[in-house]
Amino acid sequence: MAFLVTPSPVTLTGRLVELRPLDRSHIEGLIEAVQEDDLWKTSWYTSVPAPDGVAAEVERRIGLIEKGEMVPFTAFDASGRILGLTSYYDIVADVPRLHIGFTWNRPSAHGTGTNAESKLLLLRHAFETLGVFRVGLTTQWVNFQSRAAIERLGAKQDGVMRAVSRYRNGALRDSVEYSIIEPEWPAVRANLEARLARRR
């Protein structure tokens, strides 16, 4: 087995959000996004960098593109404002499978439908263009907002991985693993499309 199309940077466009390949020119907008309501301070259990760490995080993700280990995107709203970041990662051709994650968005984007549409764009591209069989989504046990959002997608919980790493503050981290497999995709797609249709 293999991908139908090798995962690589691409622009994915919806009605509420556009996902563009991460670029160094996005750094200033990403710094502004993490500063909104001090997001980087309030989300200690997520991958949100501090303002002075945004450039390094962009460089890290760009470096992983070159290794074929990540395809990162910057999310823009319909007005062209930067919302945050998301990525394909853990890319394995012989299943084929990948993960969607390392996602964060500015607080004012929460509840607007942009995250749901981002997931629809990423999942549709993964299943219908790249030809993946499994999409994984991992979040932290304490990130109840993220867990609820993943479960609303229709993803199945595969299990809890206890004490797999540490948070920035040194505390041990438990992760929750979810997945969507190709036979489940039509139902997941219909659910997301219905949710977004209610926002028209």
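Guide: A strand is a DSSP run of E with at least two residues, numbered from the N terminus. In this predicted model, Thr86 lies in strand 4.

Visitor: Why does Thr86 count as buried?

Guide: A residue is called buried under 20% relative accessible area. The relative accessibility of Thr86 is 3%, so Thr86 counts as buried. Apart from its neighbours within four places in sequence, Thr86 is in contact with residues including Leu19, Arg61, Val71, Phe73, Phe102 and Leu122.

Visitor: What makes the pair Thr86 and Thr103 a polar contact?

Guide: The cut-off for a pair of N or O atoms is 3.5 Å, and one atom must be able to donate a hydrogen that the other can accept. The side chains of Thr86 and Thr103 are joined at 2.6 Å, as a polar contact.

Visitor: How do you know that strand 3 and strand 4 pair, and in which sense?

Guide: Pairing requires at least two bridges. Strand 3 (residues 70-77) and strand 4 (residues 82-92) have 7 bridges and run in the antiparallel sense.

Visitor: In what order do the 8 strands form their sheet, and which stand at the edges?

Guide: The order in this open sheet is 1-2-3-4-5-6-8-7, with mixed pairing. Strand 1 (12-13) and strand 7 (156-166) each have a single partner strand, so one side of each lacks a neighbour in the sheet, and these two stand at the edges.

Visitor: Which strands does helix 1 lie across?

Guide: Helix 1 (residues 27-35) lies across strand 3, strand 4 and strand 5 (97-105), at about 105 degrees to strand 4. Helix 3 (residues 54-66) also lies across strand 3, strand 4 and strand 5, but its angle of about 130 degrees is to strand 3.

Visitor: Why are the buried residues of helix 5 said to line one face?

Guide: Arg147, Ile150 and Leu153 are buried in helix 5. Down the axis of helix 5 they fall within an arc of 115 degrees, and therefore line one face. Phe144 and Gln145, on the other side, are exposed. The buried residues of helix 5 pack against helix 4, strand 6 (134-140), strand 8 and helix 6.

Visitor: What puts the buried residues of helix 6 on the same side?

Guide: Those residues are Trp185, Val188, Leu192 and Leu196. Their arc around the axis is only 65 degrees, which puts them on the same side of helix 6. Their cover includes helix 4 (114-130), helix 5 (144-153) and strand 8 (172-181).

Technical notes
Residues are numbered from 1 along each chain as its sequence is written. This is a predicted model: local features need pLDDT of at least 70, side-chain atom pairs count only at pLDDT 80 or more; totals for chains, interfaces and linings use all residues. Side-chain values use heavy atoms; hydrogens and water are left out. Buried means under 20% relative accessible area, exposed over 50%, partly exposed in between (1.4 Å probe, protein chains only). Helices (H or I, at least four residues) and strands (E, at least two) are DSSP runs, numbered from the N terminus. The arc is that of the directions from the helix axis to the C-beta atoms. Contact means heavy atoms within 4.5 Å. Axes are lines fitted to C-alpha atoms, for helices over the stretch in contact, and angles run from 0 to 180 degrees between N-to-C directions.
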